[in-house]
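Subject: Structure handover

Hi,

Here is the structure we talked about passing on. Please open it alongside this note.

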Amino acid sequence: MTTIALLGTGLLGHAIGQRLLAQGLTLRVWNRTATRISTLVSAGAIPIEQLSESAQGCDAVITVLKDGPATSDVVHALDDLRGRCLIPMGTMGISQSRDLATFMNSRGGSYLEAPVLGSRPEALNGSLLVMAGSDPDVFKQQQHLLSHVSAQPVLVGPVGSGAATKLALNQLIASMTHAFSLSLRLVQQADVPIETFMEILRPSALYAPTYDKKLKRMLEQHYSDPNFSTALLRKDLMLFLQEAMQSGLNPEGLSGLSTMLVQATAHDLDELDYCSLHELTQSIRP
Ligand SMILES: NC(=O)c1ccc[n+]([C@@H]2O[C@H](COP(=O)([O-])OP(=O)(O)OC[C@H]3O[C@@H](n4cnc5c(N)ncnc54)[C@H](OP(=O)(O)O)[C@@H]3O)[C@@H](O)[C@H]2O)c1
């Protein structure tokens, strides 16, 4: 039977753990804050007592950690990596992922970056969009495992290409949410009924389902119980900006949005759903 070590049981990692258990895999779990593994353990997961021993007896090690540095710290603490495959599913920078691949290869292991689009609901029903970056052979070896969380995991290309794709998508999340928020504010200021605005937007080429997904939360200022936090969206936009500049692109249009996302901290929005950036597009007149 396949045995997986899952390191990181935050919002997304916990849901991935639930799904893997539901799929009948043997799951060993670790989280920096140990209390966050308790419900998975109650559901049948085996707690990892020592982080360093996480990889022992496992076919693969999946990490779902905050960012590249956290993933690197955790992975460097692991023993027995020879023959194991490391599968990071959190979002990180391209070079951060490539460095992890180099480390795994130096330890006789293999590496498959597998960032995902989708959140808790998609993790729970196995419909995450996985964008993998790895050698084709490694992808083939791990495809069955990935299929437990994704109907059709996609091999994008070599290590780094999955990370780049994920950052490109998250730039869209930030930009589209911001654009939608500003447009909502303008029509509201002009006393245009929101439903009239949506009736025109929905059948148009400008529509994206994410707008309806977030509309209620924005109008009701209901940002608690997030699927994806503002702090993590900021992390991803900053990574995108860094990568875009290193690639010689001109990401100037995003600088105002990144400044706004930095302001989210002072407005206590960091732990809330990312669409709470709607709070930051309010009138700036005194
Ligand atoms: N949520 C989503 O919908 C979603 C979707 C796609 C991708 N992602 C990506 O997936 C990753 C996890 O997201 P999430 O929403 O699950 O975030 P989260 O709920 O904040 O969980 C973050 C996880 O990282 C751990 N962590 C943070 N810093 C650490 C450190 N220095 N050392 C060890 N562990 C550390 C946390 O441990 P503690 O519990 O001890 O704090 C927790 O397990 C992120 O890269 C995010 O961008 C999330």
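First, the ground rules. This is a predicted model: local features need pLDDT of at least 70, side-chain atom pairs count only at pLDDT 80 or more, and totals for chains, interfaces and linings use all residues. Residue numbers start from 1 along each chain as its sequence is written.

**Six-stranded sheet**

Six strands make an open sheet with parallel pairing, in the order β3-β2-β1-β4-β5-β6. (Strands are DSSP runs of E, at least two residues, and helices are runs of H or I, at least four, numbered from the N terminus; two strands pair if DSSP finds at least two bridges between them.) β3 (46-47) and β6 (110-111) are the edge strands, each pairing on one side only. β2 (residues 26-30) runs parallel to β3, joined by two bridges. Val 29 sits opposite Pro 47 in β3.

Helix α1 (residues 11-22) packs on this sheet and touches β1 (3-7), β2 and β4 (60-63). (Contact means C-beta atoms, placed from the backbone, within 7 Å.) The direction of α1 makes about 165 degrees with that of β1. (Axes are lines fitted to C-alpha atoms, for helices over the stretch in contact; angles run from 0 to 180 degrees between N-to-C directions.) Helix α6 (residues 136-146) lies across β4, β5 (85-88) and β6, at about 65 degrees to β5.

**Three-stranded sheet**

The order here is β7-β8-β9, in an open sheet with mixed pairing. Its edge strands are β7 (116-117) and β9 (154-157). Two bridges join β7 to β8 (residues 129-133), and these strands run antiparallel. Val 116 stands opposite Val 130 in β8. Helix α7 packs on this sheet, touching β7, β8 and β9, with its direction at about 140 degrees to that of β8.

**Helices α7 and α10**

The axes of α7 (residues 161-189) and α10 (residues 230-246) come within 9 Å and cross at roughly 120 degrees. Contact residues include Leu 167 and Ile 173 of α7, and Leu 237 and Phe 240 of α10. By class, the contact has eight nonpolar, two polar and two charged residues. (Ala, Val, Leu, Ile, Met, Phe, Trp, Tyr, Cys and Pro count as nonpolar; Asp, Glu, Lys and Arg as charged; the others, Gly among them, as polar.)

**Ligand**

What surrounds the ligand? A shell of 25 residues does, and the closest are Gly 10, Arg 32, Thr 33, Gly 90 and Ser 119. (The cut-off is a C-beta atom, placed from the backbone, within 6 Å.) The shell has nine nonpolar, ten polar and six charged residues.

Best wishes

Key: Two residues are in contact if their C-beta atoms, placed from the backbone, lie within 7 Å.
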